[in-house]
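The sequence and the structure are shown first.

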Amino acid sequence: MAMSRTFSACASILFALAAMAAEPAKPLGIGRAATEQDIAVADITVLPDGAGLPAGRASAKDGAPVYLAKCAACHGDKGQGLGDFPALVGGRDSLATGKPLLTVGSYWPTATTLFDYIRRAMPYQAAGELSDGEVYALTAWILAANGIIRKDEILDRSRLARVRMPNRDGFHTGHPSLPPGPAAN
Ligand code: HEC
């Protein structure tokens, strides 16, 4: 009797497993297929060569009020950093010294990455709230504050892809999406 109970328990487990294996993968009745709109919202990567940059144009002048309203509380009104919040401006020529100051201006090799980073990650407490125009404006403000572009220069996707960062050649990479970059701004 004990034997046959064990046998029938095993048999029903095996049967259940076989049924699961035979069952085609069915949706669980939750969620839905991603729409093109869902994918477009998440597909925001901008590559170093500028591929993926959206339409839009703005200058550092456009960026100044947005920066003061949405960024200065943490990064300082001049981008100098406050407390533990990182500086975005300065540090040029400090990398090879005993006190390197790593900022967008001193360290980052491509300006297009700045656009990508701000759009996906800032402001820290409300990432994703900025329009593409605001992101161009803030990118221009940070680049101008670092003396990399002029304050009145209009950034759009083609100009941004051509901005040459001071530390452009400070990284060793054979990545194919990293173009040699122009010789000067
Ligand atoms: C609430 C504070 C806060 C606010 C507001 C904020 N940031 Fe940040 N930001 C941070 C912190 C913290 C980091 C570092 C994040 C990390 O390393 O993961 C950071 C990092 C950055 C960096 C990268 C710096 C580097 O060299 O690694 C950039 C660029 C930046 N922020 C731009 C902005 C801009 C533009 C705004 C305004 C739209 C903004 N931030 C608003 C807190 C803030």
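## Ligand surroundings

A residue is taken to be near a molecule if its C-beta atom, placed from the backbone, lies within 6 Å of it. The structure is a predicted model, in which local features need pLDDT of at least 70, side-chain atom pairs count only at pLDDT 80 or more, and totals for chains, interfaces and linings use all residues. Residues are numbered from 1 along each chain as its sequence is written.

There are 18 residues around the ligand, and those that come nearest are Cys71, Cys74, Met122, Pro123 and Tyr124. The shell comprises 14 nonpolar residues, 3 polar and 1 charged; Ala, Val, Leu, Ile, Met, Phe, Trp, Tyr, Cys and Pro count as nonpolar, Asp, Glu, Lys and Arg as charged, and the others, Gly among them, as polar. At least two shell residues are supplied by each of helix H4 (72-75) and H5.

## Overall fold

The chain contains 7 helices and 0 strands (DSSP runs numbered from the N terminus: helices are H or I, at least four residues; strands are E, at least two). Of its 185 residues, 24% are buried (20 or more other C-beta atoms within 10 Å of the residue's own; exposed means 12 or fewer, partly exposed in between; C-beta atoms are placed from the backbone).

## Helix H5

Helix H5 spans residues 111-121, and its buried residues are Ala111, Thr112, Leu114, Phe115, Ile118 and Arg119. Viewed down the axis of H5, these buried residues fall within an arc of 155°, so they line one face of the helix (the arc is that of the directions from the helix axis to the C-beta atoms). Helix H6 (132-145) and helix H7 (157-161) are included in what covers them.

Conventions:
Contact = placed C-beta atoms within 7 Å.
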